Amino acid sequence: MEIVHVYTKKRNEFGRQCNFSDRPAELHVDILPDPSLASNFIERDPCDIPIQCTQEMSEHEVNTERFESDTRGINHVEGGWPKDVNPQEMEQTIRFRKKVEKDEHYFSTIMQLGSNMEHCIKQNNAINIYQEYFEEEEVVEESEEQPSAKTINVFRDPNEIKRTATCLSWHPDGSCKLAVAYSSLGFQNISPDMSYDSYIWDIENPNKPEMTLKPVSLLVCLEYNPKDSHILVGGSYNGQIAYWDTRKGSQPVEMSTIEHSHRDPVYKVIWLQSKTGTDTFSASTDGQVLWWDIRKMSEPTERLVLDPNKKGNLDNALGAISLELDYHFVPTKFMVGTEQGLVVSCNRKAKTPAEKIVCTYSGHHGPIYALQRNPFFPKNFLTVADWTARIWSEDIKESSIMWTKYHMAYLSDGCWSPVRPSVFFTVKMDGTLDVWDFLFKQNDPTLSLKVCDEALYSLRVQDNGRFLACGSQLGTATLLEISPGLCTLQRNEKALATAMFERETKREKILEARHREMRLKERSRSEQSKDEDTKEGDGEESVEELATRTEAEFYEIVEAELKKRAKEQEKKVRRD
Amino acid sequence: MAEVEETLKRIQTHKGVIGTIVVNAEGIPIRTTLDNSTTVQYAGLLHQLTMKARSTVRDLDPQNDLTFLRIRPKKHEIMVAPDKEYLLIVIQNPSE
């Protein structure tokens with residue numbers, strides 16, 4: 001309810017000085033209590049009113065100016081001389097010294113200190129108190145701790161639209177940096193807002209990547225140059241190869257030309273050991289393996305088509321997904337893991353393209369996502385594909401010598417531990433990391449750890465074997481530290497691992513020989529029995545011949561069955 | 001007086017002893033067998049260290065006091081015998 005008092009004043013009276021007058025009080029408004037309004041309210045009885053009889057205080061915060069302190073040492077040059085003695089003057093100093101020496105106190109002090117000192121000197125001369133005793137008996141600690149792994153840091157993709165972390169690469173010196181390549185491997189899953197950047201993370205700082213790499217298209221794989229830690233090479237989704245120099249910024253220094261690059265995403269790129277340190281080679285699912293010199297990216301230096309028929313036919317070629325090159329072993333032999341489940345072993349220095357493909361190993365049902373030689377036993381290599389991980393020996397081409405059971409989830413990546421010959425790691429699509437120790441247990445992983453809820457796509461162990469990083473579907477790279485028991489070489493490990501590999505290889509050899517024998521027998525038997533038939537000459541039949549033969553056999557069986565039934569019918573009729 | 005000389009000389013002639021320094025409370029080397037710059041360096045640094053060591057010992061137990069300080073670097077052993085006014089420093093090469 002507004003109480004308003006309105007008055008009018010003439011315009012020409014505005015601004016005129018006020019003329020105050022006095023008059024008795026006038027009642028303008030009187031609002032009497034209206035008992036009917038009381039019904040809108042409820043009387044509250046009793047009323048709680050807190051009262052405090054204290055001093056009223058208020059709180060303020062003050063921050064003093066930051067006082068910076070620094071610790072420094074001072075080099076004592078010459079000092080302490082009393083005022084009358086000039087330290088530069090020899091005479092004065094000598095005179096001072098002589099004066100001090102005549103002091104009585106000096107005399108007694110020196111005698112006492114001297115005897116103390118002599119005691120210690122003689123002690124020193126008598127025996128070397130810091131000598132290492134019992135050096136030969138090294139206490140072997142067999143820590144019976146449970147193998148474990150703990151997460152140290154998690155690096156998340158800072159972009160809104162999350163991409164999969166498809167490849168990780170540790171910095172070659174000291175491993176304090178991790179390069180992660182982000183891309184989206186789902187078919188046509190790339191939205192226009194997706195950022196193409198890949199990052200280099202400093203391990204200590206998970207909040208912000210240390211450096212961004214801006215390629216032209218999403219990077220599927222990324223590798224540091226082991227010789228020069230500033231150079232990285234990356235293979236991208238559109239088939240091009242690019243290389244970066246971290247000193248020069250985020251843009252690639254040079255990219256390969258589209259016409260000469262791969263036609264499919266480049267799944268793996270590896271640096272070669274060469275004098276110049278600038279050679280790499282890359283593999284992609286279009287069936288080619290290309291060699292590049294990063295100084296001249298306009299075209300590849302060499303090309304190999306993975307045609308199993310050795311004809312160099314691109315249409316027949318197998319798509320390559322992983323590459324392996326162990327330069328400590330033999331720098332010219334390398335292996336390619338294909339989409340079709342075959343591992344192809346190749347020799348780079350072969351004269352003709354046909355000879356380049358040496359042999360193939362089959363046994364997997366799906367694309368081979370990881371392929372690595374054992375750093376201690378280069379003749380054995382690990383492949384990770386479909387639902388199993390298998391260990392192979394180079395000499396046995398028909399099957400792997402050891403394998404894990406079939407898991408519930410697809411295995412997506414794996415690698416050997418660089419410090420222990422029998423330990424390897426695998427990651428699965430359900431987000432678990434498995435650590436296998438084949439000397440300890442072969443049926444199950446020694447340690448199985450659920451890293452995250454989404455699928456894990458990539459894995460890389462650091463050179464000291466202690467840290468490993470795994471990348472997931474939503475772009476998070478997790479850094480884990482594994483317990484020392486899993487990364488220190490046990491006492492007899494090398495010998496035991498050698499024995500185990502040899503044993504399994506021998507077993508497979510025997511099995512292979514047996515199979516071969518059986519097959520030969522089969523063949524000779526079928527040759528003898530069906531000599532009249534020209535169909536099975538060498539055991540090779542064309543598809544149509546096989547079809548007609550099967551048809552004929554089928555009709556024969558049907559007729560025989562019909563005849564049997566007719567006979568039974570007759571018997572029945574006769575009986576009745 | 002002569003005994004002081006004799007004592008110091010005896011110390012110096014022990015096996016493995018490289019040098020002997022007598023320093024007063026202000027850090028002035030009174031007697032030394034090493035060259036001046038080395039002496040001054042040893043004197044200054046060890047004086048501070050001895051003070052710190054002594055105060056540490058006294059802080060831990062006020063009844064206690066520092067009687068001797070031995071520092072064993074890789075190459076030679078430095079032995080310091082402290083007193084209220086003077087410091088006797090001997091550098092020895094412990095025989096292996």
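This is a predicted model: local features need pLDDT of at least 70, side-chain atom pairs count only at pLDDT 80 or more; totals for chains, interfaces and linings use all residues.
User: Let's begin with chain A. What is its secondary structure, and how many of its residues count as buried?

Analyst: Chain A has 5 helices and 28 strands. Of its 576 residues, 40% count as buried. For contacts between residues at least 6 apart in sequence, 49% join residues at least 24 apart.

User: Why is A:Lys428 called buried?

Analyst: The relative accessible area of A:Lys428 is 8%. Buried means under 20%, so A:Lys428 qualifies with its 8%. This lysine sits in strand β23 (residues 423-428) of chain A.

User: What makes the pairing of A:Lys428 and A:Asp434 a polar contact?

Analyst: Their side chains are joined at 2.9 Å. The cut-off is a pair of N or O atoms within 3.5 Å, so a separation of 2.9 Å meets the distance condition.

User: Which other residues does A:Lys428 touch?

Analyst: Leaving out residues up to four places away in sequence, A:Lys428 touches A:Asp434 and also A:His407, A:Ala409, A:Tyr410, A:Leu411, A:Ser412, A:Ala455 and A:Leu456.

User: Now the opposite end of the scale. How do you know that A:Met1 is exposed?

Analyst: A:Met1 has a relative accessible area of 82%. A:Met1 lies in the segment before α1 (90-101) of chain A.

User: Which residues make the nonpolar surface patch with A:Met1?

Analyst: A:Ile3, A:Val29 and A:Ile31 make the patch together with A:Met1, and its area is about 470 Å².

User: And why does A:Asn207 count as exposed?

Analyst: Its relative accessibility is 70%, and the label needs over 50%, so A:Asn207 is exposed. You can find A:Asn207 in the loop between β4 (198-202) and β5 (211-213) of chain A. The C-alpha atom of A:Asn207 is separated by 9.9 Å from that of A:Asp157, although the two are 50 residues apart along the chain.

User: What does the 1.5 Å a residue comparison give for helix α4 of chain A?

Analyst: Helix α4 (residues 493-529) has 37 residues and reaches 54 Å from first C-alpha to last, close to the expected 54 Å. Its buried residues include A:Ala497, A:Met500 and A:Phe501, and also A:Glu493, A:Glu504, A:Glu508 and A:Glu512.

User: Which strands do the buried residues of α4 pack against?

Analyst: They pack against β19 (380-385), β20 (388-393), β21 (402-403) and β22 (411-416) of chain A.

User: Finally, what is the pattern of chain B along the sequence?

Analyst: Chain B reads α-β-β-α-β-β-β, with 2 helices and 5 strands. Of its 96 residues, 45% are buried. Chain B exposes about 5200 Å², and carbon and sulfur atoms supply 53% of that area. Among its contacts with a separation of 6 or more, 38% come from residues 24 or more positions apart.

How values were computed. Residues are numbered from 1 along each chain as its sequence is written. Chains are lettered from A and ligands numbered from 1 in the order in which they are written. Side-chain values use heavy atoms; hydrogens and water are left out. Helices (H or I, at least four residues) and strands (E, at least two) are DSSP runs, numbered from the N terminus. Buried means under 20% relative accessible area, exposed over 50%, partly exposed in between (1.4 Å probe, protein chains only). A polar contact is a pair of N or O atoms within 3.5 Å; within protein, one must be able to donate a hydrogen and the other to accept it, and residues adjacent in sequence count only if both atoms are side-chain atoms. Contact means heavy atoms within 4.5 Å. Patches are made of residues with over 30% relative accessible area and no salt bridge: like charges are joined within 9 Å, nonpolar side chains (Val, Leu, Ile, Met, Phe, Trp, Tyr) within 5 Å. Accessible areas come from the Shrake-Rupley method with a 1.4 Å probe; for residues, only the protein chains shown count as cover. A salt bridge is a side-chain nitrogen of Lys or Arg within 4 Å of a carboxyl oxygen of Asp or Glu. The expected span of a helix is 1.5 Å times one less than its number of residues.
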